[in-house]
Amino acid sequence: MSAPLHIPTLAHRIAEYIRAEQLPPGARLSGRKLASLFRVSRSPIERALQLLEQHQVVTAPDHTGGYAIGVAAAAASLQSLGAESESEDERLYLSLANDHTAGRLPERASENELIRRYGVSRATIVRVLLRAAAEGWTERLPGRGWTFIPLLTSELTYEQICRYRIVVEPAAMLEPTFVLNRPAIEARHAEQVALFERAGPDLSPVEVFESGSRFHQVVLDCSQNPFFINGLAQVNKVRRLVEYRKTLTSRNWLERCREHARIAELLLNGTREEASALMRKHLEEGAREKSISS
C-alpha cells in the first residue's frame, strides 16, 4: 500500500475519479475496485464514501450495501470536501501535465525520480499520479515505477479533433432518437452559471475544462447514439491535457461558458434546431480561439 491518505483527500480523489470516468447518476460504485485503484483498504474507502454521501456525491447504501453515483457528483465543491492539500496537488498536477504534453518527461519514471524533480512528498506524488491514472495518461508499473502514455502530440491532431466535434455534436442534437434528460441538463446549466459568476484568477483550467466536458457529454448522451456518446468520451480523454493549457489562455473562455448555459436553456425550451446552430457556432469559435492561443 502507498502512504495513507486523509479521508477528505481520498473522498476528493474518488470524486475526481467519478468525474474523469463521467459516471452518470445511479451508476454503481465498487468499493473493492476503488480500494484497488487507490491502493488502500476497504475501511478508508468506506469512510470516504460516507463523507461523499453527506455532500450527495454518492447515495446511501442500498440493501446490498453498495453505493451509487449521486446527483451532485459533477458539481461537488472541492472546498466542501475539505481536501487539505488541494492547492499543492493542483499545482503539481498542472506541472506534471504541462511537462508531459511538452515532452519533458521520460516514458518511464520512478516515484523517487518524480519526488526529486518536483520537490514533493511521496504521498503527494502518488495522489496526483493516481488521478492521472484515472484519466488514462499514466499507468502504474510493478514496484514504484510509472509510465506516461502519449495522448496528443501535434496541433494537426488537435485540429482534427475540433473538426470531429464540430461535425458530430450539432448533428447529434438533431437525431430522431434524441430524448432530453431534463434533470441532467438543468444540473449542467446551473454548473455553468455558477462557473462564470465566480470567475477569477484563482479559477483552475482543470475545473473549466472538466465542467465544459461534462456539459458537452450530457448533451450528446441525449442522442442515445452509442457511437456518438463513446466517440466524444474518447476524444475528451485524448484532448484533456492540451485543453488544460489552452483553456485559460483563450481570450473568451468565459463567453464559452455563457454559451453552454444558453444552449442548455434552448434545449430546455424545446428549440433543438436553434440549440444545434448555437452549438456549431460555439465549437467553431472555440477552436479558432484556441488555435490562436497555442
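What we have here is a predicted model, in which local features need pLDDT of at least 70 and side-chain atom pairs count only at pLDDT 80 or more, while totals for chains, interfaces and linings use all residues. Residues are numbered from 1 along each chain as its sequence is written, and side-chain values use heavy atoms, with hydrogens and water left out.

His282 is found in helix α12, residues 272–293, where helices are DSSP runs of H or I with at least four residues and strands are runs of E with at least two, numbered from the N terminus. With a relative accessible area of 5%, His282 is buried, a word that stands for under 20% relative accessible area, against over 50% for exposed and partly exposed in between, using a 1.4 Å probe and protein chains only. Leaving aside neighbours within four places in sequence, His282 is in contact with His216, Arg256, Glu259, His260 and Ile263.

His260, in turn, sits in helix α11, residues 253–268, and counts as buried at 6% relative accessibility. Not counting residues up to four places away in sequence, His260 touches Gln192, Gly212, Phe215, His216 and His282, and His216 is likewise among the contacts of His282.

Now to the nonpolar core, meaning a set of buried Ala, Val, Leu, Ile, Met, Phe, Trp, Tyr and Cys residues joined through side-chain atoms within 4.5 Å. The largest has 41 residues, and those with the most contacts inside it are Ile14, Phe38, Ile45, Leu49, Leu96 and Ile125. Helices α2 (31–38) and α3 (42–54) and strand β3 (67–69) are among the elements that each supply at least two residues of this core. Apart from it lies another core, of 18 residues, among them Ala184, Val218, Leu267 and Met279.

How do α2 and α3 pack? Their angle is about 110 degrees, with the axes 9 Å apart, where axes are lines fitted to C-alpha atoms over the stretch in contact and angles run from 0 to 180 degrees between N-to-C directions. That makes α2 roughly perpendicular to α3, a label covering 65 to 115 degrees, with under 35 roughly parallel, over 145 roughly antiparallel and the rest oblique. At this meeting of helices, Gly31, Arg32, Leu34, Ala35 and Phe38 in α2 face Arg42, Ile45 and Leu49 in α3. Leaving aside neighbours within four places in sequence, Leu49 is in contact with Ile14, Leu29, Leu34, Val58 and Tyr67.

Definitions and conventions:
Contact means heavy atoms within 4.5 Å.
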